[in-house]
Amino acid sequence: PEYAPRRFTDCKAHFLARSFLAGGERYILWGYGGTGRALCAALERHGKRPSQIIDLHPGRLGNRIRGAPVLSPDALPRLERAPLLISVAGAGPRAEIRAALNGMNLAETRDYLCCA
C-alpha cells in the first residue's frame, strides 16, 4: 500500500505545497485528466487550490472545476502570474508545452514545474 500510485501523488503534493507552492494558496494547473485530478485533490488537502485550469478538452473549456475557470492555453499570457503546474501525461505533449512556455519567457523550476 505504501507504493500505490495515490501515495506517490500524495508525496508530490506534500513536496510541492512546502516548496514550489509555499508562497501562497493559489496556482494554475495545466491538465485535468486523471493525473491532474489526483494532484489537484491531493494539493487541496494541503490548502492549495487552482486559480485557473488550462485544458484542451472541449467538454471542460468554459466550465468551472473546483471553483476554477477552465481556459484554453491561449488565455495563459493574459493571466496574472502564479505558480504553474503541468500535469499532462506523455513526453511529446510536455515537450510542446515546455516550448510554448519558454517562448513566453517562463522558466522551468522558476515559473512552472512538470508534475505528471
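Student: What makes Ala68, Pro69 and Val70 count as residues that asparagine 63 touches?

Tutor: A contact means heavy atoms within 4.5 Å. Asparagine 63 touches Ala68, Pro69 and Val70, where residues up to four places away in sequence are not counted. This is a predicted model, in which local features need pLDDT of at least 70, side-chain atom pairs count only at pLDDT 80 or more, and totals for chains, interfaces and linings use all residues. Residues are numbered from 1 along each chain as its sequence is written, and side-chain values use heavy atoms, with hydrogens and water left out.

Student: Why is asparagine 63 called partly exposed?

Tutor: Buried means under 20% relative accessible area and exposed over 50%, with partly exposed in between (1.4 Å probe, protein chains only). Asparagine 63 has 38% relative accessibility, and therefore counts as partly exposed.

Student: Where is asparagine 63 found?

Tutor: Asparagine 63 lies in the loop between strand E2 (49–54) and strand E3 (64–65). Strands (E, at least two residues) and helices (H or I, at least four residues) are DSSP runs, numbered from the N terminus.

Student: Is glutamine 52 buried or exposed, and why?

Tutor: The relative accessibility of glutamine 52 is 16%, so this residue counts as buried. Glutamine 52 has its place in strand E2. Not counting residues up to four places away in sequence, glutamine 52 touches Tyr27, Ile28, Leu29, Ala68, Pro69, Leu71 and Leu79.

Student: What makes the pairing of glutamine 52 and serine 51 a polar contact?

Tutor: A polar contact is a pair of N or O atoms within 3.5 Å; within protein, one must be able to donate a hydrogen and the other to accept it, and residues adjacent in sequence count only if both atoms are side-chain atoms. The side chains of glutamine 52 and serine 51 are joined by such a contact of 2.8 Å.

Student: How do you know that the radius of gyration of the protein chain agrees with that of a compact globule?

Tutor: The radius of gyration is taken over C-alpha atoms, and the globule rule is 2.2 Å times the number of residues to the power 0.38. For 116 residues a compact globule would have a radius near 13 Å, and the protein chain has 13 Å, so the two agree. Along its principal axes, the C-alpha trace spans about 40 × 30 × 30 Å.

Student: Which pattern do the helices and strands follow along the sequence?

Tutor: The protein chain has 3 helices and 6 strands, and their pattern reads α-β-α-β-β-β-β-α-β. Buried residues make up 37% of its 116 residues.
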